[in-house]
Amino acid sequence: MTQPHTQPHTQSHTQTQTQTQSATAKVAYADVEVGTELPARSFPVDRATLVRYAGASGDFNPIHWNEKFAKEVGLPDVIAHGMFTMAEAIRVVTDWTGDPGSVVEYGVRFTRPVVVPNDDRGAVIEVGGKVAAKLDDNTVRVDLTATSGGQKVLGMARAVVRLG
Amino acid sequence: MALDQSFVGRTYPPTAPYEVGREKIREFAEAVGDANPAYTDAEAAKSLGHPDVIAPPTFVFSITFKAAGQVIEDPQLGLDYSRVVHGDQKFAYVRPVRAGDRLTVTSTIEAIKSMAGNDILDIRGEVHDEAGEHVVTAWTKLVARAAEEA
């Protein structure tokens with residue numbers, strides 16, 4: 001039943017980018033200061049990414065895959081699911097702590113859509129984070145930034161995480 | 001038209017249980033490109049102290065948003081879903097969602113506001129497991145944009 005401890009199989013180049021960074025690094029509360037920066041990440045997103053996310057999440061709103069529909073409702077083009085962007089942004093935190101179960105709270109405001117053109121390049125979501133406060137119970141608040149095409153796409157993006 | 005303020009505080013009946021499957025977690029993790037083994041390898045998850053593979057933090061939204069459909073589609077509330085955008089999202093976790101969980105969601109309308117013709121609806125979804133233990137709370141802010149005048 002159990003698999004050997006190798007990297008999990010992946011079938012897409014877009015998801016293998018930095019997998020070696022994750023899962024083993026542990027961050028100790030005592031080693032973290034206010035202002036400590038988390039490793040920044042870039043997450044590519046193209047139309048295939050959105051179709052795949054639609055299937056996995058069950059969100060089949062056509063604004064995320066149908067250009068004609070998106071333009072009819074006043075959008076510049078197909079846009080990424082806000083929840084996709086939210087899922088990518090927290091990876092900066094979960095890759096930093098290693099344990100996704102360390103996330104105690106996580107919230108964002110969707111300030112602008114991530115526009116995903118059908119041009120074989122798609123879009124890129126750039127995410128950064130830094131420790132904004134040390135809290136009780138070995139927890140810290142991490143403030144995240146997320147931009148695409150130079151525009152801020154998430155506001156008030158904050159996570160509270162429990163460290164070792 | 002502004003939504004009826006008397007709906008604030010209304011709680012809808014708990015949903016039928018959603019059973020969290022290992023392969024659904026894997027599918028979601030692959031869709032967001034996250035190769036963290038805690039999502040796919042039970043041994044890796046156990047080494048972090050979890051009894052089975054866990055789900056990425058935002059996975060539970062699919063469950064809570066489906067539950068929020070009771071609110072969104074409540075004909076008495078009368079929200080125009082064709083004009084709705086997702087404003088804010090927040091989660092507070094007691095523990096991570098994991099494979100084998102059977103989760104029910106209880107949705108409550110926390111607030112209704114009207115700003116510049118937009119209707120703003122705050123829905124809280126309380127997620128409990130089969131034992132009745134609280135797992136996570138999800139807050140979803142929906143904004144129904146004002147209808148354009150003809």
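Trainee: Ground rules first: how are residues numbered?
Mentor: From 1 along each chain as its sequence is written, with chains lettered from A in the order in which they are written. In this predicted model, local features need pLDDT of at least 70, side-chain atom pairs count only at pLDDT 80 or more, and totals for chains, interfaces and linings use all residues.

Trainee: How many residues of chain B are in contact with chain A?
Mentor: 33 residues of chain B, against 35 residues of chain A; contact means C-beta atoms, placed from the backbone, within 7 Å.

Trainee: Which element of chain B gives the most to that side?
Mentor: β2(B), with eight residues. Helices (H or I, at least four residues) and strands (E, at least two) are DSSP runs, numbered from the N terminus.

Trainee: And what does β2(B) pair with?
Mentor: Strand β2 of chain A, residues 103-110, in the antiparallel sense over five bridges; pairing requires at least two DSSP bridges between the strands. Ala92(B) is the bridge partner of Glu105(A).

Trainee: Switching to α1(A): which residues are buried?
Mentor: Thr49(A), Leu50(A), Arg52(A), Tyr53(A), Ala56(A) and Ser57(A). Buried means 20 or more other C-beta atoms within 10 Å of the residue's own, with C-beta atoms placed from the backbone.

Trainee: Where do they sit around the helix?
Mentor: On the same side of α1(A), because they cover an arc of only 165 degrees around the axis, taken from the directions from the helix axis to the C-beta atoms.

Trainee: What covers them?
Mentor: The cover includes β1 and α3 of chain A, together with α1 and α3 of chain B.

Conventions: Two residues are in contact if their C-beta atoms, placed from the backbone, lie within 7 Å. A residue is buried if 20 or more other C-beta atoms lie within 10 Å of its own, exposed if 12 or fewer, and partly exposed in between; C-beta atoms are placed from the backbone.
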